[in-house]
Amino acid sequence: MRLGVCYYPEHWPEAWCAEDAAAMAALGVSTVRIGEFAWSRIEPEPGRFEWGWLDRAIDTLARAGLEITLGTPTATPPKWLIDRHPDILAVDRRGRPRRFGSRRHYCFSSLTYRRETARIVEAVAQRYGAHPAVTAWQTDNEYGCHDTVESFSEDARVAFRAWLARRYGDVATLNAAWGNVFWSMEYRSFDEIDPPNETVTEANPAHRMDWRRFGSDEVVAYNRLQVEILRAHAPGRTILHNFMGSFTQFDHHAVGADLDVATWDSYPLGFLEQGHWPAETKARYLRQGHPDFTAFHHDLYRGVGRGRWWVMEQQPGPVNWAPYNPAPLPGMVRAWTWEAFAHGAEVVSYFRWRQAPFAQEQMHAGLHRPDRVEAPAAGEARQVAREIKTVPDDPTPRAPVALIFDYQAQWLFEIQPQGASYRHFELALDWYGALRRLGLDVDVVAPEADLSGYAAIVAPALPFVTDALAARLAQSNAVLLFGPRAGSKTARVTIPDALAPGALQALLPIKVTRVESLRPGVVEAAGAYGITRWLEHVEAGAGVQVHAKTPSGAPVWLQAGRAHYLAGWPCARLLDDALRAVAGAAGLSALDLPQDLRLRRRGRVRFAVNYGPQPIDLAAHVPGAAGFAYRLGGPHLEPAGVAAWVEA
Ligand code: GAL
């Protein structure tokens, strides 16, 4: 468990660097990320490199005992490069270039940019790959931020056609797979196929889905290009990327497979303000962030990093980019930091060391104010640095419960929501939050992940189920819970021959014969439960138990052996009862935590965090809490309070 910080030596007089480095070390920071936007200072003119300032910054930081994560500067190609090669720019849906003047102004498919990327990454990696203090490398910065995965450039069009040709072999196969006989959409060659934009009404969902898969593969390929160069010039160094919150435009598991560590940028208050939650929830957690949103991402990125993950950017105070930007509750920066460690983070790194008085992010807080005086978060970071020494730094074992999260499901439901309120990410978060209120630890995993060893596996939304995945689920021995729309599509985005849940019918002998989506405010009663947004009509085969149904007899909670199915968007009570039943059958003991309290285990240590506005008495909710040997806090948790104890 280590602390880090993001630092921009190019933003400050060089004379400040030594003092800043000493202050970082004194605060308890041990790792610093630099360089990720500095291309115009590294190469101010084509081919003329200015290394002096960066050499000195790295050496100064290293002399203070700090390790360095060096970012490749590809998120910000300089003006001269864009002017020479305008084909680097991404092109929007309407065919307009997305111009210079902010950041991320490039197209992942641009052949010129791939070449320029290789050139600059090679130059930086050659210079610093063997530097003993540069122990980690960050590729680019936040792939996809500002909606930059999709580009309708000429290079992207050509690459998409080639991608389709590789996937389908010949165009007749593509026509059949997509169902292009519909509306006379048939093509005579791959060269006739365009990206699915600016069509009169919706383009074929199969066409759109393949466009999304292609876009994701372009990000993977672009990242791999950088990783290969870094591995060649910086052997043995950690390679990572910093991902974002609630961002789903590419398959993060696929990018993560090429990295050593996944990191993400955690801004709990910004995400709360941007999120879908009702006004009461936003009011309650105004200065804390949503109690499950941040943790969900910790558990997601632990999976993306195959066990190894950091928070690269931790919110330290008000940010500048949400619709409203409140300050954290006193103590909350410390609580966020500890919660990340509780979920297994190796490093929590604050963004940023000092608030910039100029340019786009001048309203974004740092650990220091622009006048070089500490901001409140610095004291909280210092406190964590002291506390770290008192808590065992245990590894994070596999959780008892896996929640399957499939990026392709997200794309499908964006392309074909079938009901305006069917929001996949919200459904996944609801299920995750319900598990957390039972006090259960969760791994958020890809459908391709190793599913063995879990006591329970839940899949809130898993439309694509291959035979292989169905077989792995069957072999897992876990108790299973599927949400609506499971197994409802083939990979070609068609309805399975035997209807949903498709390949899962081997486990769950049921058939979904009709689906309907419901306007907000419509609640279909099912005994003590209610279904909103989405309701399926299910025929149950022999031996299937029905635990809840609507007055007209439509089953909404079904079970066959150790597999359960919810045939609609469940109310909180139905979800809670179903998850409790699953936990019970899986041999897991479930708690009943109040809405603001969250727990998490890291090896022998269990942590508790109070997200609410009122104090919490842990002993009222966690058996034995009055007598634990606490390493942090105690059984009385103030708002923003953290407790940690070693379990027997
Ligand atoms: C992240 C980004 C940083 C900075 C920060 C502000 O998205 O990586 O460069 O913009 O947000 O909160």
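**Close-ups of a predicted model**

**View 1. Where domain 1 meets domain 2.** Here 18 residues of domain 1 are in contact with 17 residues of domain 2, contact being heavy atoms within 4.5 Å. This is a predicted model, where local features need pLDDT of at least 70 and side-chain atom pairs count only at pLDDT 80 or more, while totals for chains, interfaces and linings use all residues. Residues are numbered from 1 along each chain as its sequence is written, and side-chain values use heavy atoms, with hydrogens and water left out. The chain splits into domain 1 (1–259), domain 2 (401–585) and domain 3 (597–646), with bounds that come from an automatic or database domain assignment.

**View 2. What gets covered between the two domains.** Together, domain 1 and domain 2 bury about 1,600 Å², and 63% of that is on carbon and sulfur atoms. Buried area here is the accessible area (1.4 Å probe) that two parts lose on being put together, summed over both. On the domain 1 side, look for Met209, Thr248 and His253: they lose the most area to domain 2, together 36% of what that side buries.

View 3. The term covers a side-chain nitrogen of Lys or Arg within 4 Å of a carboxyl oxygen of Asp or Glu. Side chains of opposite charge can pair when their charged atoms come close. Also between domain 1 and domain 2 are 5 residue pairs in polar contact, both residues at pLDDT 80 or more. A polar contact is a pair of N or O atoms within 3.5 Å; within protein, one must be able to donate a hydrogen and the other to accept it, and residues adjacent in sequence count only if both atoms are side-chain atoms.

**View 4. The helices on the domain 1 side.** Helix H7 (171–178), helix H8 (205–233) and helix H9 (252–256) are the elements giving two or more residues to the side that touches domain 2. H8 gives the most, with 7 residues. Helices (H or I, at least four residues) and strands (E, at least two) are DSSP runs, numbered from the N terminus.

**View 5. Around the ligand.** Among the residues surrounding the ligand are Phe37, Arg103, Glu142, Tyr267, Trp321 and Glu361, each with a heavy atom within 4 Å of it. An N or O atom in the Glu142 side chain is 2.4 Å from a ligand oxygen. For Glu361, a polar side-chain atom lies 2.3 Å from an oxygen of the ligand, and for Tyr267 the distance is 3.4 Å.

View 6. The structure holds 48 salt bridges, and one of them joins the side chains of Arg602 and Asp393 (2.9 Å, N to O). Arg602 is in strand S20 (residues 597–602), and Asp393 is 209 residues away in the loop between helix H14 (376–387) and strand S9 (401–404).

View 7. Most residues other than glycine have a negative phi, and most peptide bonds are trans. The bond from Phe351 to Arg352 is cis, with omega near 5°, and Arg352 is in the loop between strand S8 (347–350) and H14. Arg372, also in the loop between S8 and H14, has a positive phi near 75°. Another cis peptide bond joins Ala500 and Pro501, omega about 5°.
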